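Trainee: I have a model on my screen and would like to learn how to read it. Can you take me through a few features?

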Amino acid sequence: MDELRAAGRRVNIETQGSVPNKAFKRADAITLSPKGPSSGMVLDHAKLAACVELANGRAVFKFVIGDEADMAFARATAARHPEVPVFAQPITVKGAFPNLATLCETVATTPELSRWKVIPQLHVLAWGNERGR
C-alpha cells in the first residue's frame, strides 16, 4: 500500500466483509459487499461489524439485490450500521426481480431508504455476464 501511495495512487478495497483485515485501517475507501440469501452464503454479523469498525468511517455498503429476501437482508444489515452509506444494485439477470427501474422506485418511495443510492452493475452492462470480468 505504501508503494501505491508513494506513486500517487489511492487504495480502495472491496470485500464481502467476512474477514476483518488490518489493511482496512490504511485504505482510502472500503466497499463492504455482504452476500444476501440468494447467494447461499450466511453473513457473520460480528465479522462484518469488525470490518466496519476497522474501516473507521471510510466504508460503504454495496448490496446486490436479486430478490425480496436480498432486499430484506440489505435493509436489516444497513439498519445495524446506519452510519455506513449504502449503494444497491439489482442483479443483472434477464427477468430478475428487482430490475433497475423497480429498485429505483422502491428506494425513491421508501423514506427509510432515502440515503441509499441505486447503481447498475456496470461490468454486466459492458460485458454481459461473461465470467472473469
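Trainee: What should I know before I start?

Mentor: This is a predicted model, where local features need pLDDT of at least 70, side-chain atom pairs count only at pLDDT 80 or more, and totals for chains, interfaces and linings use all residues. Residues are numbered from 1 along each chain as its sequence is written, and side-chain values use heavy atoms, with hydrogens and water left out.

Trainee: How many residues does helix 3 have, and what does it span?

Mentor: Start with the terms. Helices (H or I, at least four residues) and strands (E, at least two) are DSSP runs, numbered from the N terminus. The expected span of a helix is 1.5 Å times one less than its number of residues. Helix 3 covers residues 68–80, 13 residues in total. From first C-alpha to last it reaches 19 Å, close to the expected 18 Å.

Trainee: Which residues of helix 3 are buried?

Mentor: Buried means under 20% relative accessible area, exposed means over 50%, and partly exposed lies in between (1.4 Å probe, protein chains only). In helix 3 the buried residues are D70, M71, F73, A74, T77 and A78. They sit on the same side of helix 3, because they cover an arc of only 160 degrees around the axis. That arc is taken from the directions from the helix axis to the C-beta atoms. The general idea: an α-helix has 3.6 residues a turn, so residues three or four places apart point the same way. On the other side of helix 3, E68, A79 and R80 are exposed.

Trainee: What covers the buried residues of helix 3?

Mentor: Contact means heavy atoms within 4.5 Å. The cover includes helix 2, strand 3 (59–65), strand 4 (86–90) and helix 4 (100–109).

Trainee: Which residue caps the N-terminal end of helix 3?

Mentor: A polar contact is a pair of N or O atoms within 3.5 Å; within protein, one must be able to donate a hydrogen and the other to accept it, and residues adjacent in sequence count only if both atoms are side-chain atoms. D67 is the cap. One of its side-chain oxygens lies 3.1 Å from the backbone nitrogen of A69.

Trainee: How many aromatic pairs are there?

Mentor: Rings of Phe, Tyr and Trp (its six-membered ring) pair if their centres lie within 6.5 Å; planes under 30 degrees apart are stacked, over 60 edge-to-face, and the rest tilted. By this rule there are 3 aromatic pairs. F63 and F73 are edge-to-face, because their ring centres are 6.1 Å apart and their planes at 90 degrees. This pair joins distant parts of the chain, with F63 in strand 3 and F73 in helix 3, 10 residues apart. F63 is buried at 1% relative accessible area, and F73 is buried at 15%. F63 and W116 are stacked, because their centres are 6.3 Å apart and their planes at 25 degrees. W116 lies in the loop between helix 4 and strand 5 (117–118), 53 residues from F63. F61, F63, F73 and W116 form one aromatic cluster.

Trainee: Where is S33, and is it buried or exposed?

Mentor: S33 is in the loop between strand 2 (29–32) and helix 2 (45–55). S33 counts as buried, because its relative accessibility is 3%. Leaving aside neighbours within four places in sequence, S33 contacts E14, T15, Q16 and K62.

Trainee: What does the side chain of T110 reach?

Mentor: The backbone oxygen of T106, at 2.5 Å. T110 itself is buried, with a relative accessible area of 14%.
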